Amino acid sequence: MVATVEEAVAGIGDGALLAVGGFGLCGVPQILIDGVLASGATDLAIASNNCGVDESGLGVLLMARRIRKMFSSYVGENKEFARQFLSGELEVELMPQGTLAEKLRAGGSGIAAFFTQAGVGTQIAEGGLPRKYDADGGIAVASPKKEVREFDHGGNTTEFVLEEAIVADFALVHALKADVYGNLVFNKAARNFNPLAAMSGKVCIVQAEEVVEPGELDPDEIHLPGVYVHRILPVGTDIDKPIEKRTVTAAVNAAGTAAREGGN
């Protein structure tokens, strides 16, 4: 257990590889990300499903030019991410979402590499996918060709591509609950990439909304065992949880419009 965010992110230095939980802005360890920003660490490589949005999630590190490379499956809503990538300021290793998930899980499970059908017959396997552009828009770094092997799979001879695991220097994770031994519970969709990121980190750092004593968590309730966790920062339940895209039903939207017009 640590008392401050400074203690939580201690040791994260320039050039570190981080695995960060979250999907969009759901389950993002924002307090820990802000702590890394405040620490001054730069030239970071980060494995995460996406890079937040321009001013939230990992986007705060991106806007501050602290990220050198992203391992991601989705660039999505972050315009600054796209701008830095296309202008040659950021290296990006794109991959299928399931492949990223398995790379993180394998890294935490002592599995150096695995074969998957995802990406066979595409530039994922054949190479040549842009990872970094130069200032003129040419490809400065391209993905390499990967090993493809045939296996008898379910009675059929099928091609699979070899993918290497990701072992991060540090993992940043958000949990709903933790006990003092580091056993974690995640809240619904916030479970997303958090357990996988936690597994892949040599040092796993968790921001937890609630920390309880041993025995207060039902063993069947635990999503990730404490063997993977090294530091826990209690953050409380009143932390900011931004919504990436807020939508309402047509009826609610109409009612809101009528209320505004009536007030005018």
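Reader: Hi! Which residues in α2 are buried?
Author: Hello! In this predicted model, the buried residues of α2 are Gln30, Leu32, Ile33, Gly35 and Val36.

Reader: Nice. Now the packing: how many residues are in the largest nonpolar core, and which have the most contacts inside it?
Author: That core has 33 residues. Ile12, Leu18, Ile46, Leu61 and Leu172 have the most contacts inside it.

Reader: And which elements give two or more residues to this core?
Author: On the helix side there are α1 (5-8), α2 (30-39), α3 (59-63) and α4 (79-86). The strands are β1 (17-20), β2 (44-47), β3 (67-72) and β10 (168-179).

Reader: Let me pick one residue, then. What is leucine 172 in contact with, leaving aside its neighbours within four places in sequence?
Author: Leucine 172 is in contact with Ile12, Leu18, Ala19, Val20, Gly21 and Pro29, and also with Leu32, Ile33, Val36, Asn194 and Ile205. Among these partners, Leu32, Ile33 and Val36 are buried residues of α2.

Reader: What does the second, separate core look like?
Author: That one is made of 28 residues, including Ala47, Leu100, Val173 and Ala197.

Reader: Thanks! Switching to aromatics: how many pairs do you count, and which residues do ring pairs link into a cluster?
Author: The count comes to three aromatic pairs. Ring pairs link Phe115, Phe151 and Phe160 into a cluster.

Reader: On to voids. How many cavities of 30 Å³ or more are there?
Author: There are two of them.

Reader: What lines the largest cavity?
Author: Its lining is Val92, Glu93, Leu94, Met95, Ile124, Leu129, Arg131, Ser143 and Lys146. Strand β4 (residues 91-94) gives the most to that lining, with three residues. By class, the lining of the largest cavity has five nonpolar, one polar and three charged residues.

Reader: How does the lining of the second largest cavity divide by class?
Author: It divides into five nonpolar, seven polar and no charged residues. The lining residues are Val20, Gly21, Gly22, Phe23, Gly24 and Val28, together with Ser48, Asn50, Cys51, Gly52, Gly57 and Leu58. Two of those names, Val20 and Gly21, also came up as contacts of leucine 172.

Reader: Good link. I'd also like to look at pockets: how much space lies in the largest one, and what lies nearest its centre?
Author: About 330 Å³ of space lies in the largest pocket. It is lined by 18 residues, of which Leu25, Gly27, Val28, Asp240 and Lys241 lie nearest its centre. Val28 is also in the lining of the second largest cavity.

Reader: Which elements supply that pocket lining, and what classes is it made of?
Author: α2 and β12 (201-212) each supply at least two residues. The lining of the largest pocket has eight nonpolar, six polar and four charged residues.

Reader: Last topic, cysteine 26. Where does it lie, and is it buried or partly exposed?
Author: Cysteine 26 lies in the loop between β1 and α2. Its relative accessible area is 31%, so it is partly exposed.

Notes
Residues are numbered from 1 along each chain as its sequence is written. This is a predicted model: local features need pLDDT of at least 70, side-chain atom pairs count only at pLDDT 80 or more; totals for chains, interfaces and linings use all residues. Side-chain values use heavy atoms; hydrogens and water are left out. A nonpolar core is a set of buried Ala, Val, Leu, Ile, Met, Phe, Trp, Tyr and Cys residues joined through side-chain atoms within 4.5 Å. Buried means under 20% relative accessible area, exposed over 50%, partly exposed in between (1.4 Å probe, protein chains only). Helices (H or I, at least four residues) and strands (E, at least two) are DSSP runs, numbered from the N terminus. Contact means heavy atoms within 4.5 Å. Rings of Phe, Tyr and Trp (its six-membered ring) pair if their centres lie within 6.5 Å; planes under 30 degrees apart count as stacked, over 60 as edge-to-face and the rest as tilted. On a 1 Å grid over the protein atoms alone, a cavity is a set of points where a 1.4 Å probe fits but cannot get out, and a pocket is an open set with protein on both sides within 12 Å along at least five of seven lines; lining residues have an atom within 4 Å of a point. Grid points are joined across faces, edges and corners, and a volume is the space filled by probe spheres set on the points. Ala, Val, Leu, Ile, Met, Phe, Trp, Tyr, Cys and Pro count as nonpolar, Asp, Glu, Lys and Arg as charged, and the others, Gly among them, as polar.
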